[in-house]
Amino acid sequence: MFDPATGELVGVAPLHGLAELEAGVAAAQAAQPAWAAAGHAARSAALNAAADAVEASAEELARILSREQGKPLNGPNARFEVGACAAWLRSAAATPLEPETVVDDGTTKAVLHYRPIGIVGAIGPWNWPMMITVWQIAPALRMGNAAIVKPSGYTPLSVLALIRVINTALPEGLLSVVAGNRTVGSALAEHPAIGKVMFTGSTATGKAIIRSSAETVKRLTLELGGNDAGIVLPDADPKAIAEGVFWGAFINTGQTCAALKRLYVHADIYDAVCDALTDYAKNVPMGLGLDEQNVLGPLQNASQYGIVKDLVEAAKASGARVLLGGNPDENQPGHFYPTTLVADIDNTNPLVAEEQFGPALPIVKYTDVEEAVAMANALEVGLGASVWATDRDKAREVAARLEAGTVWINAHGLVDPRIPFGGAKQSGYGLEFGVEGLKHLGQPQVING
């Protein structure tokens, strides 16, 4: 693996194959029954011990993550991500889930329980490789399942290190990692012994997993591509929202599924919002992740760099106005693309209509809220969205009309382990986090009588 900021070798990861997958399945099958029988309290205690272990190794894990993924140590980046791993382990351990009596009328008594599924396959992305892996495995383990993790080929070292630390607190064989290629990922989705797959990544890959899982009627939770819209209403204060809009769009250098990727601003405050965003963005340092001052880093891989560059070039060629950035230094080591704001751009431009997944935000002018809602809803994705306004009641009215799994008010992309999260339309299905997230990692069983 090579550092996306410098091109230097970070380390060498194993390339696992089908034999390692089968070994992981066999180990999981051996370990899972006793783990399921241990009960929620014992499993929660183990998850809290795993969180302790993550915290004890936090700085080492953060440095591995920074070097392999590229994100800086500081800001909402590598140290933040490792801390979130511990927090989500603790949240999964602490979230109550009791049997639910759905009918008890003196004649019929029906109680809804959630039993372990068995083995859960977790296929993760390269943008938040540690944190999203924990989002997948923490509730799976809490619910009495074993888990097999398949990390992205771009960031296996981070996940291998994380699982090694977590496994110090778990029974042997319960949690394993198979660092293989797409063949391994497909085999995991097809495997008859794996009862559920959780996947975070592109819509195209998600559709392939659906096809691969069909023969075994496997349960799925899919968090797929998004192209999140934000609508700024005319009563918003441009200077007050600038910081929130910026981090909603540029957290992890824009490489976040639920990042703000297209911003619709009312004509009355359009220029003021553009100016306030530019003033804030131009002062946010980008550079090497191990340099403590930086809070933005490189794109993780050359392919993603090429996508962002091509989309910005197409926007420039169309006559859109570049407020900031858009001028990468081709002689600079690493995959750095400068923080870029693009105004006066048509809603059909590829930079708006396609998910850029990088540090380039298009800003579209509108004159009527109906028009903004229609543009926000026009795409076949709906992971997140946001409304920015002084009048929160008006913002909630607009939010209720947006086709997205989560709509934030005066923020974007904030996730909370207590609050369910999932996509609409082709951004996926199934819920993560909180009680609902636990339920999606269990097999419902009604005892009626």
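Let me start with glutamate 55, which forms a salt bridge with arginine 90; the closest N and O atoms are 2.8 Å apart. By salt bridge I mean a side-chain nitrogen of Lys or Arg within 4 Å of a carboxyl oxygen of Asp or Glu. Glutamate 55 sits in helix α2 and arginine 90 in helix α4 (residues 78–94), so the pair ties together parts that are 35 residues apart in sequence. Helices here are DSSP runs of H or I with at least four residues, strands are runs of E with at least two, and both are numbered from the N terminus.

The model is predicted: local features need pLDDT of at least 70, side-chain atom pairs count only at pLDDT 80 or more, and totals for chains, interfaces and linings use all residues. Residues are numbered from 1 along each chain as its sequence is written, and side-chain values use heavy atoms, with hydrogens and water left out.

Back to the pair. The classes are buried for under 20% relative accessible area, exposed for over 50%, and partly exposed in between, with a 1.4 Å probe and protein chains only.

The search of the whole structure finds 15 salt bridges. I will show two others. Lysine 71 and glutamate 81 meet through their side chains, at 2.6 Å from N to O. Lysine 71 lies in the loop between α3 (58–69) and α4, and glutamate 81 lies in helix α4, so this pair ties together parts that are ten residues apart in sequence. Both lysine 71 and glutamate 81 are buried.

The other is arginine 321 with aspartate 344, where the closest N and O atoms are 2.8 Å apart. Arginine 321 is in strand β10 (residues 321–324) and aspartate 344 is in the loop between β11 (340–343) and α12 (350–353), so to speak distant parts of the chain, 23 residues apart. Arginine 321 is partly exposed, with a relative accessible area of 35%, and aspartate 344 is partly exposed at 39%. Salt bridges that share partners also join Asp52, Glu55 and Arg90 into one network.

Next, helix packing. Two packed helices are described by the angle between their axes and the distance between the axes. The axes are lines fitted to C-alpha atoms, for helices over the stretch in contact, and the angles run from 0 to 180 degrees between N-to-C directions.

Helix α2 (residues 40–56) packs with helix α6 (residues 156–166) at an angle of about 125 degrees, and their axes are 8 Å apart. That makes α2 oblique to α6. On the scale used, angles under 35 degrees are roughly parallel, over 145 roughly antiparallel, 65 to 115 roughly perpendicular, and the rest oblique. The crossing of α2 past α6 is right-handed. A crossing is left-handed if the near helix is turned anticlockwise from the far one by less than a right angle, and right-handed if clockwise.

Which residues make the contact? From α2 they are Ala50, Ala53 and Val54, and from α6 they are Leu162, Val165 and Ile166. Contact means heavy atoms within 4.5 Å. By class, this contact of α2 with α6 has six nonpolar, no polar and no charged residues. Nonpolar covers Ala, Val, Leu, Ile, Met, Phe, Trp, Tyr, Cys and Pro; charged covers Asp, Glu, Lys and Arg; the others, Gly among them, are polar.

Now α3 against α6. Their axes come within 8 Å and cross at roughly 165 degrees. That makes α3 roughly antiparallel to α6. This time the crossing, α3 past α6, is left-handed. On the α3 side, Leu61, Ile64, Leu65 and Glu68 meet Pro156, Leu157, Ser158, Ala161, Leu162 and Val165 in α6. The residues of this contact of α3 with α6 divide into eight nonpolar, one polar and one charged.

Two backbone items. Most residues other than glycine have a negative phi. Valine 217 is not a glycine, yet has a positive phi of about 50 degrees. Valine 217 is in the loop between α8 (203–213) and β7 (219–223), and is exposed, with a relative accessible area of 59%. Asparagine 252, also not a glycine, has a positive phi of about 55 degrees. The place of asparagine 252 is in the loop between α9 (238–250) and β9 (260–266). Asparagine 252 is buried, with a relative accessible area of 2%.

Last, alanine 30, in helix α1 (residues 18–38). Alanine 30 is exposed, at a relative accessible area of 63%. How far apart are alanine 30 and alanine 146 in space? They are 9.5 Å apart, C-alpha to C-alpha, and 116 residues apart in sequence.
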